[in-house]
Amino acid sequence: MSRTALVLGAGLGGMVAAHSLRRLLPRTERVVLVEREEQHVFPPSLLWLMVGKRVAGDFSRPCAHAVRPGIELVRGEVTAIDPAAKTVQVGGKTLRGDALVIALGADYAPQAIPGLYEAGLCIYTLAGASAIRDALERFEGGRIAVLTATPQYKCPAAPYEAALLIDSYLRERGRRDKVAIDFYAAEPGPMMVAGAAVSAGVRAMVEARGIAYHPEHLVKSVDAQQRHLEFANGSSAQFDLLLYVPPHRAPEPVRSAGLVNDSGWIPVDRHTLATRFPDVYAVGDITVIPLKMGRPLPKAGVFAHGQAEIVAHNVAAAWTGRGKPRRFEGEGMCFIETGGARAGMGSGNFYAEPLPDVKLHSPNLLWHGAKVLYEKYWLYRQF
Ligand SMILES: Cc1cc2nc3c(=O)[nH]c(=O)nc-3n(C[C@H](O)[C@H](O)[C@H](O)COP(=O)(O)OP(=O)(O)OC[C@H]3O[C@@H](n4cnc5c(N)ncnc54)[C@H](O)[C@@H]3O)c2cc1C
């Protein structure tokens, strides 16, 4: 009898899971992929779009084009999940999997901070990044505030890259001396999970470019009219243009399915990505994996990708009887765009104890080239 691997979400993790499952499973087994959006967007490229180095069509593709023979794409919103029964509700229909892979990522909740949505532009969405590009084109001088609304957010490097790219863009336009850039971080320092040396290295990169760095500034409210920020530590600040990373939360059907713990995310076995429900796995941003050093594994595409490959391999091994189970070991890397066609690179083992073993490599042309190549490779490989 045919079995079904049901993958929820066609983002970075879900796309890799579905493609790997299809490659590894015999055609008699079904692979079903559920996605609400028509277009797949490669998120790292949003930062280039913001500063006019990309247009949306360069890095977005119809999800339907990713569907290889033997993958059934169901377009629609997952509205409910029953992890015990391994069923989900999509557009009034019930789908059932023999294995369920939850890769629904993180939703954004800017409305959780009074005034934030009305006053600022979101770095993390296509609409927001496009509006930032337009606003930067018109910006002749004043104060730009880059803000992380909470200490935990996906891709801990991204807002720092955003600030560095904006600095570089303003220099290219000959406007940098007319603009003050302030970075208000909810967290105590950049990329803290990668260790003190990496954090200090990224902070030094930011400050060397004349960007004023304000750590532990958790925003309390924003006044859109007065362009005024109030912080939980009692301080306040003015801005002319506010760019923010929004608070994140698990999508509603995941929260109401009894899958999340007190963190608000799905706890999983850190090596197999198994949830507490048999044959139900979760990968990527939707998960929480506590590390010995006290912070969770960062939410990042590199981990979503690696975890999805492990889950696909292990489901296929169990169903076919071929191959031994594999473990996700917490290896990861990320490029840090600094502008001027340069990028730094951090890489290492995030499961190392007592502290992650991560090194930061100085910015150069090579790492920037590698990031561009990876973007091209992703779009070529998946579409
Ligand atoms: C600006 C930016 C830059 C980044 N740069 C990097 C980088 O350089 N390196 C890196 O490793 N990571 C980077 N990331 C992070 C990376 O994009 C995410 O960690 C990664 O996409 C997580 O993959 P995922 O599959 O868990 O979630 P996602 O890729 O977000 O996919 C989730 C999918 O589920 C779908 N979905 C959600 N809810 C529903 C529902 N109810 N019904 C149906 N479908 C639903 C969504 O539409 C989406 O397609 C960056 C992120 C941003 C925003």
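Here is a short chat about a helix contact and some ring pairs in a predicted model.

Colleague: What should I know before I start?
Modeller: It's a predicted model, with local features needing pLDDT of at least 70 and side-chain atom pairs counting only at pLDDT 80 or more, while totals for chains, interfaces and linings use all residues. Residues are numbered from 1 along each chain as its sequence is written, and side-chain values use heavy atoms, with hydrogens and water left out.

Colleague: OK, at what angle do helix 1 and helix 9 cross?
Modeller: Roughly 30°, with the axes of helix 1 (residues 12-24) and helix 9 (residues 301-320) coming within 8 Å. Helix 1 and helix 9 are therefore roughly parallel (angles under 35 degrees).

Colleague: Which residues of helix 1 make the contact?
Modeller: Leu12, Gly13, Val16, Ala17, Ser20, Leu21 and Leu24; contact means heavy atoms within 4.5 Å. Helix 9 brings residues including Ala304, His305 and Ala308.

Colleague: Switching to rings: how many aromatic pairs are there?
Modeller: Twelve, where a pair means ring centres within 6.5 Å.

Colleague: How are Phe42 and Tyr374 arranged?
Modeller: Their centres are 6.2 Å apart and the planes sit at 45°, so that pair is tilted (stacked is under 30 degrees, edge-to-face over 60, tilted the rest). Phe42 and Tyr374 are 332 residues apart in sequence.

Colleague: Is Phe42 buried or exposed?
Modeller: Buried, at 4% relative accessibility (buried is under 20%, exposed over 50%, partly exposed in between, with a 1.4 Å probe and protein chains only). Tyr374 is partly exposed at 31%.

Colleague: And which residues cluster with Phe42 and Tyr374?
Modeller: Tyr377 and Trp378, linked in by ring pairs.

Key
Axes fitted to C-alpha atoms, helices over the stretch in contact; angles between N-to-C directions. Helix = DSSP H or I, 4+ residues; strand = E, 2+ residues; numbered from the N terminus. Parallel < 35°, antiparallel > 145°, perpendicular 65-115°, else oblique. Phe/Tyr/Trp six-rings, centres within 6.5 Å; stacked < 30°, edge-to-face > 60°.
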